[in-house]
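Please look at the sequence and the structure before reading on.

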Amino acid sequence: MSDYTVGYGRPPKDTRFPDGESGNPKGRPPIDRGALDPSSVLNAERKVRINGKRKTMSSGELRLRKQVKFALEKKNVSAILYLIDQFEKYGLLAGVVQHRQSNVVLIPTDIPDGMVRLLQDQYGWPPYTSKERAWAKRVYLEQRTEEEREEDEFIGYFDDG
């Protein structure tokens, strides 16, 4: 007999696995993670409490709300840049950004300054639709002074008087 004693962590030699053989030959089964769909993650509904009321929102909306709060409260530059990037991506800044170049707003030069001021007061920054331009032209022609009429005539803005 041998001096091998069977006990805790020392199984009998005849029941041990042979060298090079595992007790779990197939191993742990792989986890099926499936294809990750970002839209399903962002559209997943989550229950949250806002001002004491329970609401259901998508994960994407929660992330955007958190970024807005962080950008406004902490004045965090990276959060602000992320928001601007998202707004541009979804076309929310299209009317403003496309007409700005290095903090310069491009003003139409084919209409009188008085008409530009009317448009800006009424509709904000360019671009202006044909209806907005027609309204501004009508109001401008009604309100312009004799000096403005002569200047417009000299420059050739309008054929009608």
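Glutamate 61 and arginine 65 lie four residues apart in helix 2 (residues 59–74), so about one helical turn separates them. Helices here are DSSP runs of H or I with at least four residues, strands are DSSP runs of E with at least two, and both are numbered from the N terminus. This is a predicted model, in which local features need pLDDT of at least 70 and side-chain atom pairs count only at pLDDT 80 or more, while totals for chains, interfaces and linings use all residues. Residues are numbered from 1 along each chain as its sequence is written, and side-chain values use heavy atoms, with hydrogens and water left out.

Glutamate 61 forms a salt bridge with arginine 65, and their closest N and O atoms are 3.2 Å apart. A salt bridge means a side-chain nitrogen of Lys or Arg within 4 Å of a carboxyl oxygen of Asp or Glu. Side chains of opposite charge can pair when their charged atoms come close. Glutamate 61 has 33% relative accessibility, so it counts as partly exposed. Arginine 65, at 44%, also counts as partly exposed. Here buried means under 20% relative accessible area, exposed means over 50%, and partly exposed lies in between, with a 1.4 Å probe and protein chains only.

## Overall layout

The protein has seven helices and four strands. Read along the sequence, they follow the pattern α-β-β-α-α-α-β-β-α-α-α. Of the 161 residues in the protein, 18% are buried.

Contact means heavy atoms within 4.5 Å. Among contacts in the protein with a separation of 6 or more, 16% are between residues 24 or more positions apart.

Strand 1 (residues 45–50) and strand 2 (residues 53–58) run antiparallel and are joined by six bridges. Two strands pair if DSSP finds at least two bridges between them. Valine 48 has lysine 55 in strand 2 as its bridge partner. The two strands form a hairpin with two residues between them, and asparagine 51 in the turn has a positive phi of about 50°.

Serine 58 is in strand 2. At 17% relative accessibility, serine 58 counts as buried. Leaving aside residues up to four places away in sequence, serine 58 touches Leu42, Asn43, Ala44 and Glu45. The side chain of serine 58 also reaches the backbone nitrogen of glutamate 61 at 3.1 Å. This is a polar contact, defined as a pair of N or O atoms within 3.5 Å; within protein, one must be able to donate a hydrogen and the other to accept it, and residues adjacent in sequence count only if both atoms are side-chain atoms.

## Helix 6 and its two sides

Helix 6 (residues 130–143) has 14 residues and should span 20 Å at 1.5 Å a residue; its end C-alpha atoms are 20 Å apart, which agrees. The expected span is 1.5 Å times one less than the number of residues.

Which residues of helix 6 are buried? They are Glu132, Ala136, Val139 and Tyr140. These residues cover an arc of only 100° around the axis, which puts them on the same side of helix 6. The arc is that of the directions from the helix axis to the C-beta atoms. The buried residues of helix 6 pack against helix 5 (113–123) and helix 7. On the face turned away from the buried side, helix 6 carries the exposed residues Ser130, Lys131 and Glu142.

Tyrosine 123 lies in helix 5. With a relative accessible area of 34%, tyrosine 123 is partly exposed. Tyrosine 123 touches Tyr128, Glu132 and Trp135, not counting residues up to four places away in sequence.

## Salt bridges towards the end of the chain

How many salt bridges does a search of the whole structure find? The search finds five. One of them joins the side chains of aspartate 152 and arginine 144 (3.0 Å, N to O). Aspartate 152 counts as buried at 4% relative accessibility, and arginine 144 counts as buried at 12%.

Glutamate 146 forms a salt bridge with arginine 149, with the closest N and O atoms 2.4 Å apart. Glutamate 146 and arginine 149 are three residues apart in helix 7 (residues 146–155), so about one helical turn separates them. Glutamate 146 is partly exposed, at 45%, and arginine 149 is partly exposed, at 26%. Salt bridges that share partners join Glu146, Arg149 and Glu153 into one network.
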